[in-house]
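Take a short walk through this structure.

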Amino acid sequence: LRADETVYNNTRSRFTALWKQIAERFRDYCPKLLFESFNEMLDANNRWNAPASVNSYIYINKYNQDFVTTVRATGGNNSYRNLVVNDYCASSMASAFEALEIPEDSVEGRLIAEFHSYSPYHFAMNEGTGAIQTWTDACEKEVKDQINAIATIARKKGVPAIIGEYGATSKRADEEIAKQATC
């Protein structure tokens, strides 16, 4: 899957057929089961955090709408099951989260927006020049500011938000990763 017009037009029927099969198979499972539309979808250029074109946001939103519509149509517990939708690449950047359109839904209050955070980058992911080995007050501030920004946008959109992935490379000392985890 790619957040791209051509790819969307070529994969939409397979995407909805796949979700129909999954949803039908699990329609009677406990309502605590969640479905997530997709994971970290990128544009046709495989760009992280922000797409090459803002048009990619359109196709992220279309896939999410197709997902919600398809799952709800299968009935059973899927009629009111909580469903998780992602923004572009599940980015924690405010611009990507702002561009997420919450899909129309036949049931109120059952959609959740998800994002991923590997922040700050120089602590969580960078292994080269500029890498940070120790968790600092500045690191903590960056993560808390990011979470507060996402929370503000989620409230504005009327949905809860969850951090689906959060962490750092295992090349950091355990006690430093533990500091990040308790942030």
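On a 1 Å grid over the protein atoms alone, a pocket is an open set of points with protein on both sides within 12 Å along at least five of seven lines. A volume is the space filled by probe spheres set on the points. Keep in mind that this is a predicted model.

Start with the largest pocket. Its volume is about 350 Å³. The lining has 16 residues. Nearest the centre lie N49, S92, H116, Y118 and S119. Two elements, strand 3 (111-117) and helix 5 (137-157), each supply at least two lining residues.

Now turn to L111. This residue sits in strand 3. Is L111 buried or exposed? Buried means under 20% relative accessible area. L111 has 6% relative accessibility, so it counts as buried. Which residues does L111 contact, leaving aside its neighbours within four places in sequence? They are V68, R72, L83, I102, P103, D105, V159 and P160. I60 is 51 residues from L111 in sequence, and the two C-alpha atoms are 15 Å apart in space.

Last comes helix 2, which covers residues 55-72. This helix has 18 residues. At 1.5 Å a residue, taken one time fewer than the number of residues, helix 2 should span 26 Å. Its end C-alpha atoms are 26 Å apart, so the two values agree. Of its 18 residues, 13 are buried, so helix 2 is largely enclosed by the rest of the structure.

Key: Residues numbered from 1 in each chain as written. Predicted model: local features only at pLDDT ≥ 70, side-chain atom pairs only at ≥ 80, totals over all residues. Heavy atoms only, no water. 1 Å grid on protein atoms, 1.4 Å probe; cavity = no way out; pocket = protein on both sides within 12 Å on 5 of 7 lines; lining within 4 Å. Helix = DSSP H or I, 4+ residues; strand = E, 2+ residues; numbered from the N terminus. Buried < 20%, exposed > 50% of the residue type's maximum accessible area, 1.4 Å probe, protein only. Contact = heavy atoms within 4.5 Å.
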